[in-house]
Amino acid sequence: MLLPRGGETGILLRGQPAGWSPRRRRHRGTIPIAEPSPKAEPNANPSAGPGAEPSAGPSRIAESTPNPNAPTTSADSEPDLAPVTEPDRVLDADADPGVGLGPDPDDDPAQPPATPSRRGRLRRRWRAWSRLRRVTVIGLVLLALPLVPIGSAALALRLEYAGDPSAQARTRGRDAIWLGHAWVDGRKGPAELAALAQRIRGTGIRDLYVHAGPLEHDGTLPATAHPQARQLVDAVHRELPGVRVQAWLGDIVSHGGAGLRLNRPQVRESVTASARQVLDAGFEGVHFDLEPVWSGDADFLTLLDRTHELTTARGVPLSVAAAQIDPLPALHTVPQALADHPKWWSQRYFGQVARRVDQIAVMSYDTAMPLESLYGGYVAQQATLALEATPKNVDLLMGLPAYYADTWGHRGSAETVAAAVRGVRLAQTRHALNRHTFGVALYVDFAATDTDWTSYRRGWCALP
């Protein structure tokens with residue numbers, strides 16, 4: 001029976017019923033082919049019936065009726081053969097029906113059988129899909145592309161949070177805490193101060209940033225803003241000897257709207273005059289919290305230079321609340337271009353600010369991190385970047401979120417004091433075990449819970 005293969009040749013199968021077709025499959029063995037007889041029978045009839053042996057040698061078997069007008073041939077002459085491109089193969093009935101469907105790779109090892117390339121197979125499979133299926137796959141790929149860098153960043157933060165901090169990674173006695181305005185306007189008195197002193201005593205807190213503002217948009221400070229300042233400073237000296245009380249001055253920085261216009265020299269001079277005012281009132285330092293300051297703002301650096309001259313002459317510290325540092329190069333340019341409240345400074349600008357003050361406190365909260373481990377890793381990363389940029393003679397403090405909120409920018413379940421403390425200790429273990437000008441700052445006293453205080457005292461100060 002002649003079965004077409006590739007439209008060019010056929011395979012003659014012996015001993016198989018009509019209608020039988022072999023399974024196409026690969027076979028690694030040698031193709032069993034019937035050996036031709038050494039010599040053809042005289043007067044062999046190529047159209048003999050079933051059971052007759054086929055003619056020796058390669059031939060194509062004609063299944064049509066012989067033409068009586070065709071010329072006859074002698075027994076010793078060669079028959080008139082139809083041209084073929086490949087010899088027919090004769091398979092025994094007992095042979096594996098799957099063989100003989102392709103060239104034997106053992107025949108010529110130097111030329112393996114031609115097989116479709118992987119790219120070709122994938123292309124044919126892709127074209128076989130329906131249009132809807134192809135569009136769906138393309139859409140899913142496009143949706144997944146933004147997740148790749150996000151996943152990489154999350155993995156990097158999780159690795160920052162891995163490991164165990166050193167037992168020596170603890171407070172160096174340079175810590176601080178932000179206190180609300182109620183301490184200088186008469187709403188809080190000796191009883192509240194005694195309770196605060198009980199929490200602070202024995203810890204590493206050395207500075208209290210007491211809210212004495214806010215500044216007016218022209219940089220001035222009303223004289224009535226801090227009526228109980230002197231009483232507070234004296235009371236703190238009695239309850240907590242060695243703890244300094246700094247004036248926390250803040251306002252919104254304008255970039256076209258309402259707020260401080262630091263690009264105006266008169267406004268900068270007014271801010272410096274306000275700093276002189278709080279020092280005259282008895283405060284023992286100036287702490288600026290002016291937001292948002294854009295990365296690269298030269299006017300802010302000028303203000304710091306001018307104010308630092310004043311505080312140095314008075315022998316008191318100048319400190320500043322600083323933005324976070326770019327976790328990726330130039331990332332600050334994105335929110336700076338799209339919003340009026342950029343979140344990050346470049347590491348270079350952070351260093352420029354740090355060199356103009358005595359203390360710099362990183363506001364390492366409101367990070368939008370969804371998990372505690374990611375937030376702790378982020379704090380560790382920020383501490384590492386800040387340590388690289390801050391001179392060793394300047395106190396570097398990492399902010400601790402001693403408050404709860406549940407917004408897109410601050411997940412209270414993720415941004416905890418415990419996670420921040422662990423992140424700070426990991427960075428200290430890796431980069432600052434021998435540095436004494438390193439600490440933390442709790443924000444803020446009126447929102448801090450017992451859990452927040454316990455996390456600070458136990459995790460950072462190794463106290464009960």
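Contact here means heavy atoms within 4.5 Å, and helices (H or I, at least four residues) and strands (E, at least two) are DSSP runs, numbered from the N terminus. This is a predicted model, in which local features need pLDDT of at least 70, side-chain atom pairs count only at pLDDT 80 or more, and totals for chains, interfaces and linings use all residues. Residues are numbered from 1 along each chain as its sequence is written, and side-chain values use heavy atoms, with hydrogens and water left out.

**View 1. The contact of α4 with α12.** Leu196, Gln198, Arg199 and Ile200 of α4 meet Asp450, Trp453 and Arg457 of α12. The residues of this contact divide into 3 nonpolar, 1 polar and 3 charged, where Ala, Val, Leu, Ile, Met, Phe, Trp, Tyr, Cys and Pro count as nonpolar, Asp, Glu, Lys and Arg as charged, and the others, Gly among them, as polar.

**View 2. The buried residues of helix α5.** Within α5 (residues 229-239), Ala229, Leu232, Val233, Ala235 and Val236 are buried, that is, under 20% relative accessible area, whereas exposed means over 50% and partly exposed in between (1.4 Å probe, protein chains only). The buried residues of α5 pack against α4 (190-200), β5 (205-211) and β6 (244-252).

**View 3. Two cis peptide bonds.** Glu291 and Pro292 are joined by a cis peptide bond with an omega of about -5°, and Pro292 is placed in the loop between β7 (286-291) and α7 (298-314). Another cis peptide bond, with an omega of about 10°, joins Tyr443 and Val444, and Val444 lies in the loop between β15 (438-443) and α12.
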